[in-house]
Structure formats: structure tokens, C-alpha cells
Amino acid sequence: MLPEISIRVRFHELDPYGHLNHAVYLSYFEQARVDLLDHIGFGLSTLVSMGYQLVVVEAHVKFVAPVEASDTVTIVSSIGDVRPASSRWLQRMSCGDTLVATNDVRAAITDLTGRPTRAPAELTATLQQLRAT
């Protein structure tokens, strides 16, 4: 079972229409990816200590239903594919039983100067285990 995170929507994250601002969805999805990396033992500080960083190079969000103040959303992240220097993350955000958004993200692995590089073998192997079926 993939770990999930839940986030309660705060008033300052709303747009003028009372819905979760579209830009905030990206922050929520990012938090879910960071939490998943922590969960599998490759948190951001661990990656940096190893000389690597994950950099988002593409994000495709599909907004399905609105989210409002005080709603709690749940995000589940999985891996679509793993390449030598990148990974594709598939994310689903729900409010109760209602799908509210999906996100398809490509993250590149770089060294600490931002130069693309191959992921360490142990990270690649761990991400492979999280592939969506």
C-alpha cells in the first residue's frame, strides 16, 4: 500500500471564488512527493548529502472538481516509470470519495550544480518498487 498524505485547506489558499487556488494544488502535490521520498529513506536532505537533487521538469495537472475552505484532501503518489536520470510521478488528489485532481510529473535527477546525472542505483531500485500497476 502506498503512503498517502492528508492536508486541510486553509482560508488563505483560496481564490476569490472560494475554491482552492490552482497554484496551491502544485504545492500540495509537491508535499506529497517530498513525504514519499522521506518515507522510502531518500528525503531531500539525504539526497543532498549523497550529492543529488530531484528537479521537476514537467507537471501536468488536471482539475476535476473544486476544493473549498476546510475541506481535507488526500494525495496518493506512485511512480509511472523510472529512467536513468528521471522519474515520472503519478498523483491523485481526492476529497472524501471524490477525485478532485491528478498530476503527472517528470522529475530529473541532477548533481548539486544542476547538471543532469544518473540516479544512484539504490534510489532507482526503490522507485521501481513503487511503480503503478
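Visitor: How many bridges join β1 to β3?

Guide: Strands pair if DSSP finds at least two bridges between them. Here five bridges join β1 to β3, and the two run antiparallel. Strands are DSSP E runs of at least two residues, helices H or I runs of at least four, numbered from the N terminus. Ser-6 has Thr-74 of β3 as its bridge partner. This is a predicted model: local features need pLDDT of at least 70, side-chain atom pairs pLDDT 80 or more, while totals for chains, interfaces and linings use all residues. Residues are numbered from 1 along each chain as its sequence is written, and side-chain values use heavy atoms, without hydrogens and water.

Visitor: Which residues form the covered face of β1?

Guide: Ile-5 and Ile-7 do; Glu-4, Ser-6 and Arg-8 form the uncovered face.

Visitor: Is Ser-94 buried or exposed?

Guide: Buried means under 20% relative accessible area, exposed over 50%, partly exposed in between (1.4 Å probe, protein chains only). Ser-94 has 19% relative accessibility, so it counts as buried. Ser-94 lies in β4, residues 86-95. Beyond four places in sequence, Ser-94 contacts (heavy atoms within 4.5 Å) Thr-72, Val-73, Thr-74, Leu-99 and Val-100.

Visitor: What is in the largest nonpolar core?

Guide: In soluble globular proteins, nonpolar side chains tend to be buried together. A nonpolar core is a set of buried Ala, Val, Leu, Ile, Met, Phe, Trp, Tyr and Cys residues joined through side-chain atoms within 4.5 Å. The largest here has 18 residues; Tyr-25, Val-73 and Met-93 are among those with the most contacts inside it. α1 gives the most to this core, five residues. A second, separate core of 16 residues includes Phe-42 and Leu-127.
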